[in-house]
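Please walk me through this structure.

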Amino acid sequence: MTNKYPNLFEPIQIGSMIVPNRIAMMPMGVFSPRLANIKDGSYTKAGADYYIERAKGGTGMIVTGVIPIIGPAINPNNSPETYIESMKYLADGVHQYGSKLCVQFTALSGRATAVTNVTNGVEDPSVSADIPNVWDPTLTHPELKTEDIQTYVDGFANAASYAKAAGADAVEIHAVHEGYLLDQFTMSNYNHRTDKYGGSLENRLRFPVEIVKAIKEKCGKDFPVLVRYSVVSKVKALNRGALPGEEFEEFGRDMEESKIVAKMLQDAGYDALDCDNGNYDSWYWPHPPVYMPKACNLEDVKEIKKVVDIPVILAGKFDDPQLANEVIGKGEVDMMGMGRPLLADPELGHKFFEGREDDIRPCIGCHQGCLGRIFMGQDISCAVNPTCGHEKDYAITKANNVKEILVVGGGLGGMEAARVSALRGHHVHLYEKTNQLGGVFVAAAAPDFKEDDKRLLKWYEKQMKDLNIDIHLNSEVTKDMCEGYDEIFVATGASENHIEIPGAKDEQVHYAIEELLENPDTGDNVIVIGGGLTGCEIAYQQAKAGKKVTIVEKSETILNVMGLSAANYNMLMDLLDYYKVNVIKNATVTDVKDGKAIVMETVKNYPNVANRAPRPFLIGGDGMPVKHEIPVDHLIVSVGYKSDQKLYDEIKDEHVYLIGDAKKPTNVMDAIWSAFLIAKDI
């Protein structure tokens, strides 16, 4: 078999470690008790299996999710022996497939700590006491005491020695990255210290420099130590990120300083730079959402590669093997770093090598199954791949008895039910009342920034074909057609809610699905009624096209969406602001006349908090109505969906399963997971 990407599959040396190819799994947090042993930071067998599956799929190097430094230097109750025993299972499993294991350690979050119910500061120390908490700007942190820093340094060295004893090939220090505690030390606008860890750049880098020196002394000079590195911060001010292409003055680390820092880290003894951009004040850079362009960090990381001799890993929506092969071949970067794409499809490495790109299940940038679940204290997983984090207990196995399965509806939920049922060996018959598969997701995937959504649709269509599923398009199922099947999935979806807009002409009004699919051009003045995710994305799309856009939302907030990650929320909010979308909340359109929409707003009183906190802190309160007269040519309505349960109500019994939007209109993750969790056991 010819390898299409020879540069991507060349070995690379990092210190004394030889990695078999240039694909690295980027660190993502694994904190839930089922996957991680909270007491010592090791992984359970289920947590280890999550990583081992990615090694099995052809990933050259596994970098684990961030682990707080462990060992007696930090917590006398921790047992190195227990940690080593647990981690040996992970190391042995990764090595079984020829991959290398790099364990990442952190000094915790500083001002990025998520806090609740705190009244007098927070326990997690920060670099300086006057820098507010990211999530709640009314809180500050105690300053990390100078005399305690050596305790942290010793903790890193001990932790690295335990990882090495367990069989890890390298460690990575989550240091100059993403605005966590160690990164806060390195930047002058965050670090206001007057001791030897503040002031000059040399002083601000002293902490991460002391860490690598201590590890090398403890573990040997030939033991590889990588550093996670945010090249530039992309920050305009505290809690104010900068968008791609936006002109701004850097508040954090700029490129000029970054080149100096990178060279200093190399000279200190770090063996590789694991690079992206951003920090918690620009969180959509280290966690790029669907709105971020592909390979968003490439140009910045290429600049760093020019000034160092050690390997440079690039991460950040960098999932195109053709591009990776090209830039690695030119020596512009050294490794392809991927996080979420490997959650969606752990076999990426093998599929790249075999040229099976059409078989890759893509990450769609939603953050629902990864960051969303992490912040709810759940297992890390993936919206489009429920087996992520459940590699053993959710494994799809052949059924003992072959059954005849009817799937009614060809949206994502219906296709997932059909896919999993077919993989189990059942005979699957899928009926879709329209002329194409995909359901409402076809419209959702229509915007130009939804290329990965389009890829997911194509992937599902290919699975239907490859699994020989019996597909019937333009076929609406009736009760009589349901006879003779052993199991039935009802995935009939949902229909859009409609509202009355007094005075509006029919040709002025379009609903979300029609708007997304047809994009009718009916004038420059646009009002979007409904400030949910779909409405805000439509508003962004219209404003980017040069329209003058107003969002009218009847509740107190826009983007009030369950499971929406702060990275996605913040970037979309910043995009709406950048493109000057007018937002009127607590409001309704009461009339349209003489080319203007009459919008009645009930003014509410809000507390005085930072206006760009990741989630606004809101209180209600009655106020006086305010009348707005807004020029309007085009009204776009996005006010939610109503489930279609008509067929289900006619045929429901214990072998009939209501799934996806037909059960409750929510999101991609719920549609796929509701189907998977039933189908895997039939």
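The structure holds 41 salt bridges. A salt bridge here is a side-chain nitrogen of Lys or Arg within 4 Å of a carboxyl oxygen of Asp or Glu. This is a predicted model, in which local features need pLDDT of at least 70 and side-chain atom pairs count only at pLDDT 80 or more, while totals for chains, interfaces and linings use all residues. Residues are numbered from 1 along each chain as its sequence is written, and side-chain values use heavy atoms, with hydrogens and water left out.

Start with one pair. Asp 195 forms a salt bridge with Arg 193, and their closest N and O atoms are 2.8 Å apart. Is Arg 193 buried or exposed? Arg 193 counts as buried because its relative accessibility is 5%. The cut-offs are these: buried means under 20% relative accessible area, exposed over 50%, and partly exposed in between, with a 1.4 Å probe and protein chains only.

Next, go to helix α8, residues 298-305. Helices (H or I, at least four residues) and strands (E, at least two) are DSSP runs, numbered from the N terminus. Glu 299 forms a salt bridge with Lys 302, with the closest N and O atoms 3.4 Å apart. Both residues sit in α8, three residues apart, so about one helical turn separates them. Glu 299 counts as exposed, at 51% relative accessibility. Lys 302 counts as buried, at 18%.

Now look at a pair from further along the chain. Arg 455 and Asp 319 meet through their side chains in a salt bridge of 3.6 Å, N to O. This pair links distant parts of the chain, 136 residues apart. Arg 455 lies in helix α15 (residues 451-466), and Asp 319 lies in the loop between β14 (312-314) and α9 (321-329). Arg 455 counts as partly exposed, at 31% relative accessibility. Asp 319 is buried, with a relative accessible area of 15%.

Salt bridges also join up. Glu 354, Arg 356, Asp 359, Lys 462 and Asp 466 are linked in a network of them.

Stay with α15 for a moment. Leu 457 has its place in this helix. Leu 457 is buried, at 9% relative accessible area. Which residues does Leu 457 contact, leaving aside its neighbours within four places in sequence? They are Leu 412, Met 415, Gly 438, Phe 441, Val 442 and Ala 445. Contact means heavy atoms within 4.5 Å. From Leu 457 to Pro 631 is 174 residues in sequence and 38 Å in space, C-alpha to C-alpha.

Helix packing comes next. Axes are lines fitted to C-alpha atoms, for helices over the stretch in contact, and angles run from 0 to 180 degrees between N-to-C directions. Angles under 35 degrees count as roughly parallel, over 145 as roughly antiparallel, 65 to 115 as roughly perpendicular, and the rest as oblique. A crossing is left-handed if the near helix is turned anticlockwise from the far one by less than a right angle, and right-handed if clockwise.

Take helix α2 (residues 80-96) and helix α3 (residues 146-166). They pack at an angle of about 50°, with their axes 8 Å apart. The two are therefore oblique to each other. α2 passes α3 in a right-handed crossing. In α2, the residues that meet α3 include Tyr 83, Ile 84 and Met 87. On the α3 side are Tyr 162, Ala 163, Ala 165 and Ala 166.Helix α7 (residues 255-268) and α8 come within 9 Å at their axes and cross at roughly 45°. That makes α7 oblique to α8. The crossing of α7 past α8 is right-handed. Met 255, Ser 258, Lys 259 and Ala 262 of α7 make the contact with Asp 300, Glu 303 and Ile 304 of α8.

The axes of helix α17 (residues 533-544) and helix α18 (residues 566-578) come within 10 Å and cross at roughly 40°. α17 and α18 are therefore oblique to each other, and their crossing is left-handed. Cys 536 is among the α17 residues that meet Leu 572, Leu 575 and Leu 576 in α18.

That cysteine leads to the last topic. A disulfide is a pair of cysteine sulfur atoms within 2.5 Å, and by this rule the count comes to zero. Cys 536 is in no disulfide, and its nearest cysteine sulfur, that of Cys 366, is 17 Å away. Cys 536 counts as buried, at 0% relative accessibility.
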